[in-house]
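Student: I am new to this structure and would like to understand the terms used to describe it. Could we go through them one at a time?

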Amino acid sequence: MLRVQRPQYKELRFPACSSAKQHGCTQLQLQRTVYLNVRFAAMLSFFVIISLFVSHVSTSDTKVPQNAHSPSESYVMSIWQNRLYLYSGAALVFGIWFSLKMALKKKSFSTDVGSLVYKAVKSNEGGTVVHVSGVKILYGSQTGTAKGFATELSQEVMALGIPAEVIDMKDYDPDDQLADECTSRSVCVFLVATYTDGQPTESAEWFCKWLEEASTDFRYGKTYLKGLRYAVFGLGNSVYVGHYNTVGKNLDKWLWMLSGMRIMTRGEGDCNVVKSRNGSIQADFLAWKVKFLSRLRALAKGEKKSCSGNCKTGGSCKNKSKDRQEEEEEEEKKTALQNISSEEDLMESSSDEEESGMQDEKKSASVVDMEDLGNLMNSAKKAKSKEEGRRDVQMVKLSKVNGLKKAEEEGERREMITPALSEALTKQGYKLIGSHSGVKLCRWTKSMLRGRGGCYKHTFYGIESHRCMETTPSLACANKCVFCWRHHTNPVGTEWRWKMDPAEKILQDALEKHQNMIRQFRGVPGVKPERYEEGLAVKHCALSLVGEPIMYPEINTFIRLLHSEHISSFLVTNAQFPQEIRNLVPVTQLYVSVDASTKDSLKKIDRPLFKDFWPRFLDSLRALGEKRQRTVYRLTLVKAWNVEEMLAYSELIALGQPDFVEVKGVTYCGESSASSLTMANVPWHQEVVAFVQQLADMLPQYEIACEHEHSNCLLIAHTKFKIDGEWWTWIDYERFQELVHAYEESERQQSFSSLDYIAKTPSWALFGAHEQGFDPADTRFQRRNKTKDISGC
């Protein structure tokens with residue numbers, strides 16, 4: 001009988017893969033094993049059939065008569081003769097069993113391979129699997145806020161035992177380095193601020209430009225950043241309608257277009273405390289940071305979103321069971337529908353088609369990443385209408401008593417002064433009042449207490465600087481001027497949306513805090529006792545400390561209270577609220593800041609929040625021309641910015657016909673990341689004099705009247721204040737109080753003009769005098785080592 005020996009197959013072994021990238025290698029080896037096993041089964045069946053055939057042939061040749069054997073032998077012989085059928089049946093059963101086993105093993109292949117790869121990686125890497133190698137935090141900052149957030153976040157990440165690196169975007173080359181992040185198993189965090197006109201900051205400008213071009217460049221391709229894990233937090237201010245967090249939105253969108261994987265929803269920090277979801281930009285970042293750290297811990301443990309195991313494309317599963325992250329996002333959406341006031345906040349970061357002009361891109365390349373758009377938009381409209389209805393109730397309304405009254409739902413508004421703002425302003429020497437006001441001691445007040453001279457208002461208008469209180473009922477402003485003394489620490493806004501303190505309380509606290517600051521000079525060497533006593537009795541109030549005082553809804557009440565205390569009022573406005581100027585009650589002297597004479601230069605210097613800033617500016621000048629009391633244009637000359645606009649300035653002066661024009665060289669207040677102003681932009685006094693002389697020659701009804709060399713300031717006055725060849729630019733403050741009292745008593749019927757309370761200007765204050773505006777009653781003190789001082793009015 002022919003015996004066929006079964007071939008001996010050695011156990012098939014393959015080297016374990018060292019990383020998740022060799023997943024394809026492992027899968028191919030397992031498929032090869034299955035193929036060899038199936039091949040072995042087929043060969044075995046073939047050999048069995050051949051053996052049966054050969055045995056059958058040999059049996060037929062060696063048959064013996066049945067009667068030659070006993071019954072038992074005959075039975076065995078019968079089985080032997082029919083062994084072909086027995087072998088065939090056994091082979092068939094074995095083949096069916098083997099086929100079923102292979103089919104079941106193939107079905108569980110996709111599940112087993114994951115564990116095999118994990119075990120292989122774990123064994124090769126010493127028992128540990130690194131899912132996050134580190135976190136790179138890239139920031140684009142102008143004022144330093146984003147940089148501070150980046151440093152804070154890096155410390156929190158390192159506390160988790162994960163390496164973190166803080167990188168300024170200006171020091172990061174995306175062309176050489178960004179693609180490497182796709183394979184390094186790191187997580188990239190982008191903290192970017194939105195600057196003027198929705199543009200990136202100077203440090204992030206190149207990075208954003210490169211990323212924008214790469215997202216639409218076919219040479220990079222749509223999968224250029226596939227594998228990059230990232231998160232974005234944008235810093236902005238919602239008062240800039242149309243430009244809020246534009247840079248953060250665009251950065252998130254461009255990364256997504258290049259197949260970057262967003263590990264969590266984009267965060268947005270709002271400097272506008274009214275609309276900030278958490279009350280301030282610091283609180284917004286804190287809320288986002290908590291979620292990011294939670295997500296980072298999950299990634300470090302290798303946790304993924306819950307999946308049914310049936311995904312074919314490797315994308316996110318859309319099954320009924322959602323993981324914790326998805327549930328948090330759903331909860332955020334529900335909360336947002338109750339709090340936000342625009343549809344924009346409801347959309348995912350890459351859906352900002354209005355800001356980026358990507359409508360066509362969205363249709364062709366599916367750039368937008370939105371879920372349940374219809375439901376969200378409907379909910380957003382309902383939330384918006386509800387919010388607008390609530391705002392209408394909160395809006396300040398007119399009253400016959402004091403012109404204005406507070407809304408009924410005052411308790412729902414937020415305070416203007418946040419903890420961070422309070423800390424910043426307190427460091428600068430402010431004494432904060434209530435939730436939106438402040439007072440500060442002017443350096444000229446200190447100077448005149450010591451007999452070292454007063455400010456230019458003393459020279460031009462005869463105020464007593466040591467009896468002047470510098471305050472404001474509104475720390476908020478509608479501009480972010482490049483020469484701002486306060487380095488933009490104050491809030492900004494286009495309308496009043498904060499809680500409102502009563503005018504009586506503000507004035508009472510302002511006087512008390514100012515007097516307390518004066519008392520600190522008691523016994524100080526050099527302080528004159530008589531001036532110290534006079535300084536405790538406030539006689540003048542300069543509403544020019546910071547912000548836009550005319551925004552305060554009860555500004556008329558506040559001014560009336562000043563006059564009732566026999567305190568004169570000098571109010572400064574930035575020419576963005578024409579209607580408020582028209583509604584303003586008589587003040588001792590009303591200022592309008594005219595920092596530039598053309599639309600482009602005003603936008604560049606003042607950086608206004610209003611989109612229609614130029615029409616508002618011009619209308620404010622017209623409103624100023626309608627006033628009968630003393631009015632002043634205040635021009636701030638910034639060298640290389642606005643000193644060449646002589647003709648345009650003369651046209652603006654003709655438009656508003658002010659009584660006076662103050663021309664002052666810009667004051668350099670030190671380096672500020674929020675401004676590019678340097679000492680090179682500060683004009684010399686001789687340059688200011690030359691500018692004023694040329695400007696006065698272009699104004700037929702104006703002449704140079706006074707000069708204050710110490711403040712680098714000159715006064716152009718209307719010739720109606722030059723009586724019989726002598727200037728009368730000073731103010732008779734007692735006469736003004738009599739006139740304004742009569743005006744109020746007559747229920748605003750007995751009006752008066754600027755010529756009704758004039759006083760003669762002393763010779764030492766006139767332009768061309770050898771004193772150059774310094775009061776000879778005081779002693780000029782020259783400091784050898786001048787220190788930086790950002791106070792002043």
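Tutor: Strand 15 (residues 631-637) pairs with strand 16 in the parallel sense, over six bridges. This is a predicted model, in which local features need pLDDT of at least 70 and side-chain atom pairs count only at pLDDT 80 or more, while totals for chains, interfaces and linings use all residues. Residues are numbered from 1 along each chain as its sequence is written, and side-chain values use heavy atoms, with hydrogens and water left out.

Student: What makes strand 15 and strand 16 a pair?

Tutor: Two strands pair if DSSP finds at least two bridges between them, and strand 15 and strand 16 have six bridges, with Leu 637 standing opposite Gly 665 of strand 16. Strand 16 also pairs with strand 18 (residues 713-718), in the antiparallel sense over five bridges, and there Phe 660 stands opposite Ala 717. The strands here are DSSP runs of E with at least two residues, and helices are runs of H or I with at least four, numbered from the N terminus.

Student: Why is strand 16 called largely enclosed by the rest of the structure?

Tutor: Buried means under 20% relative accessible area, exposed means over 50%, and partly exposed lies in between (1.4 Å probe, protein chains only). Six of the six residues of strand 16 (residues 660-665) are buried, and therefore the strand is largely enclosed. Phe 660, Glu 662 and Lys 664 point one way, whereas Val 661, Val 663 and Gly 665 point the other way, and all are buried.

Student: Why is helix 17 called oblique to helix 19?

Tutor: Helix 17 (residues 503-519) and helix 19 (residues 555-564) pack at an angle of about 45°, with their axes 9 Å apart. Angles under 35 degrees count as roughly parallel, over 145 as roughly antiparallel, 65 to 115 as roughly perpendicular and the rest as oblique, so helix 17 is oblique to helix 19. The contact, meaning heavy atoms within 4.5 Å, is made by Ala 503, Glu 504, Ile 506 and Leu 507 of helix 17 and by Thr 557, Phe 558, Leu 561 and Leu 562 of helix 19.

Methods:
Axes are lines fitted to C-alpha atoms, for helices over the stretch in contact, and angles run from 0 to 180 degrees between N-to-C directions.
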